[in-house]
Amino acid sequence: MVTVSCQGMPAQISASSPFNHAKADVILRSSDNVDFRVFKLFLLLSSPFFETLFDLPQPSEDNLTDTEMKDGLPVIPISEDSRTLDTLLRFCYPCTLTKNPSLNHFTEVVRVLEAAQKYSLDEVESTIREAFFKPAILEVNPLRCFAIARQARLREETILSARYSLRTSLVPDWFGEIGMVTSTDVLALWAYHQKCGKAVQTLKLSYSWIEGHYQTRAAVPWIFGNCNCPRSNTIRLFGSQGHLIWWEEFMEATFQTLKEKPCAQTVHEAVERTIEEVRRRNCTTCSPSIATVLKQFGDLFAKKVEDLVSEVDLHLTY
């Protein structure tokens, strides 16, 4: 149980291992009055900030200053709370003493990132960025990652998160970290989303990207078909009409969804749906090869989408 001082602040308590070592040579006190007994060497090796801090004249019991002493050690107040400081210090300590902590909460990531930047802990910042801004997390929470990257002024991660956000609706659901971004940031992301949606629609204006890849009509018999499946004359390809109607429906539906979600994933998801739809038709000509040929075409389509999206700028200041 934590006791409370007469001033209303929690009384000083000691941090848990390994930050309670009797041989430590400095105490860092968190904003919520938790004392971390640490070794200067580990912090000196982690950041030039601490090198400068510890180079300042240190108080001693014989040389009294305004700096508080405890158990013969100088006490340095830190503005971060104990949870943030504990996480930050574990990244600084060698792995033989403690493992790198898990960052399971988005708000915790923000606090630790900001502290790492504040104390010039470049390696710690890099480790957090690599651990957090990875596909497994970005795919599930792109907007939350965008907010965190924006808050921490991480340019590359902000752009990366914005790219992943193209997999979501143009009008997103509420997310907890939305307060971390300004209305300007939200409008910039919205504008970026719209511009990407418009950019990929240019693929619909000309199918030369298909003709340039396959070269001849004979290379895409699965589009024109040699079966009794219904045909359409809407799209002109290789100077010909009469392609299979399921392919036209696939193209039209995919372009429609790309307005809302302009990314490669949209194409791949449309490919999987169309494969199942074509198989349900039970055409002995189309069904056996549909998975192979349409996935190959989907890879081409998705690459063209990504190429166009990569040319769109996200207009934000840093």
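Predicted model: local features only at pLDDT ≥ 70, side-chain atom pairs only at ≥ 80, totals over all residues.
Reader: How should I read a nonpolar core, and how many residues does the largest one have here?

Author: Start with the general idea. Nonpolar side chains tend to be buried together in soluble globular proteins. In this model, the largest nonpolar core has 57 residues. Trp 222, Trp 247, Met 251, Phe 297 and Phe 301 have the most contacts inside it.

Reader: Which helix gives the most to this core?

Author: Helix 15 does, with eleven residues. At least two residues each come from helix 7, helix 9, helix 11 (208-214), helix 12 (221-224), helix 13 (245-260), helix 14 (264-280) and helix 15 (287-309).

Reader: What does Trp 247 touch, leaving out residues up to four places away in sequence?

Author: Trp 247 touches Ile 210, Trp 222, Ile 223, Ile 235, Leu 237 and Phe 297.

Reader: Now take Thr 254. Is Thr 254 buried or exposed?

Author: Apply the cut-off: buried means under 20% relative accessible area. Thr 254 has 1% relative accessibility, so it counts as buried. Thr 254 sits in helix 13. Beyond residues up to four places away in sequence, Thr 254 touches Thr 266, Val 267, Ala 270 and Phe 301.

Reader: Next, cavities. How many of 30 Å³ or more does a search of the whole structure find?

Author: The search finds one. The idea to hold on to is that a probe fits in a cavity but cannot get out. About 40 Å³ of space lies in the largest cavity.

Reader: Which residues line the largest cavity, and how do they divide by class?

Author: Leu 28, Phe 50, Ile 78, Leu 85, Leu 88, Leu 89, Cys 92, Tyr 119 and Leu 121 form the lining. Nine are nonpolar, with no polar and no charged residues. Helix 3 (residues 82-92) gives the most to this lining, with four residues.

Reader: And pockets? What volume does the largest pocket have?

Author: A pocket, in contrast, is an open set of points. Here the largest pocket has a volume of about 280 Å³. It is lined by 17 residues, and Leu 170, Pro 172, Val 186, Leu 189 and Trp 190 are the closest to its centre.

Reader: Which elements give two or more residues to the pocket lining?

Author: Helix 7 (142-151) and helix 9 (183-200) do. Helix 9 has the largest share, four residues. By class, the pocket lining has twelve nonpolar, four polar and one charged residues.

Methods
Residues numbered from 1 in each chain as written. Heavy atoms only, no water. 1 Å grid on protein atoms, 1.4 Å probe; cavity = no way out; pocket = protein on both sides within 12 Å on 5 of 7 lines; lining within 4 Å. Points joined across faces, edges and corners; volume = space filled by probe spheres on them. Nonpolar A, V, L, I, M, F, W, Y, C, P; charged D, E, K, R; others polar. Core = buried A, V, L, I, M, F, W, Y, C linked by side-chain atoms within 4.5 Å. Buried < 20%, exposed > 50% of the residue type's maximum accessible area, 1.4 Å probe, protein only. Contact = heavy atoms within 4.5 Å.
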